[in-house]
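This short report covers nonpolar cores and salt bridges. Please look over the sequence and the model before reading on.

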Amino acid sequence: MSCEHVLDRFVDEVPERFLCPICQGVMASPVQGPCQHEFGCDCLRTWLSNHQSCPICNSYLTIDMLNPARLMRELIESLQVYCDHHLHGCDEHIAYGQIQSHIRQSCSHIRCRMNGCELIVLREHLEDHEGNCPHNPQGHNVRMSTLSNLRQDMLLKVTENLQTGVLDQLEPVERRLKQNNVRVENFVGKLDAVSIPKHDTIARAERRRLVNYLGSIEDVTAKLIQQISELKNCLNP
């Protein structure tokens, strides 16, 4: 276990004697040798993997000579800290050694237990949240079942209603639109067939205007036919 370097989680300023001389963090699982100098366990073990002396007094020291510094551990674990969830609303001050127990059992806030969800909620709201959590596989199955039921209801109440009430009327409309486009093409052909001398600019401009007008009708009609076709496809999912 590494030493604690987030010192602002402690309610009061941490006395220097509780800081590991090697890393300057609050000592975790403090240990000591015969010289009585105390260090964080992991820090001192790492040091002794490359040295055979105390980092402070340089006296001979090996890993086999280490003993737990029980009194120092008790003092450190009694230090008051803010709850890890204090930014979410928990205002309690807890003994450093009890923080994990507090978070698991009594904190007013709790992290969602679904794998992949990082949300912290009120403990009293946890069950409701997890039931609807996007990371809850059972919740996913419930949502998919709901969507399936809604789809069936949609097909019954929306699609079938349109099929019986609208499609029957759209069929003759679509047929008339297609017939109308054929008539438009015929009229364009008749206009093109009218012989107009180049010097009669007024008559040529009028023919151009009529052709453009018929072209606009043809474009709008073609779009309506396309939209009717798309609607018919939508009504047959």
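Is glutamate 206 buried, partly exposed or exposed? In this predicted model, glutamate 206 has a relative accessibility of 35% and counts as partly exposed. Its side chain forms a salt bridge with arginine 209, which is also partly exposed, at 48%.

The structure holds seven salt bridges.

| Residue pair | N to O distance |
|---|---|
| Glutamate 206 and arginine 209 | 2.8 Å |
| Glutamate 77 and arginine 73 | 3.0 Å |
| Lysine 178 and glutamate 174 | 3.8 Å |

Glutamate 77 and arginine 73 are four residues apart in helix H2, and therefore about one helical turn apart. Glutamate 77 is partly exposed at 31%, and arginine 73 is partly exposed at 41%. Lysine 178 and glutamate 174 are likewise four residues apart, in helix H5 (residues 137–193). Here lysine 178 is partly exposed at 44%, whereas glutamate 174 is buried at 8%. Elsewhere, a network of salt bridges links Glu4, Arg9 and Asp84.

Next come the nonpolar cores. The largest has 29 residues, and Phe10, Val14, Leu44 and Ile76 touch the most other members. Helices H1 (41–48), H2 (70–77) and H3 (99–105) each supply at least two residues of this core, and H1 gives the most, with four. Beyond its neighbours within four places in sequence, leucine 44 is in contact with Ile22, Val31, Phe39, Pro55, Leu61 and Leu66. Another core lies apart from the largest one and has five residues, among them Leu167, Leu170, Leu177 and Ile228.

Definitions and conventions. Residues numbered from 1 in each chain as written. Predicted model: local features only at pLDDT ≥ 70, side-chain atom pairs only at ≥ 80, totals over all residues. Heavy atoms only, no water. Core = buried A, V, L, I, M, F, W, Y, C linked by side-chain atoms within 4.5 Å. Buried < 20%, exposed > 50% of the residue type's maximum accessible area, 1.4 Å probe, protein only. Contact = heavy atoms within 4.5 Å. Salt bridge = Lys/Arg side-chain N within 4 Å of Asp/Glu carboxyl O.
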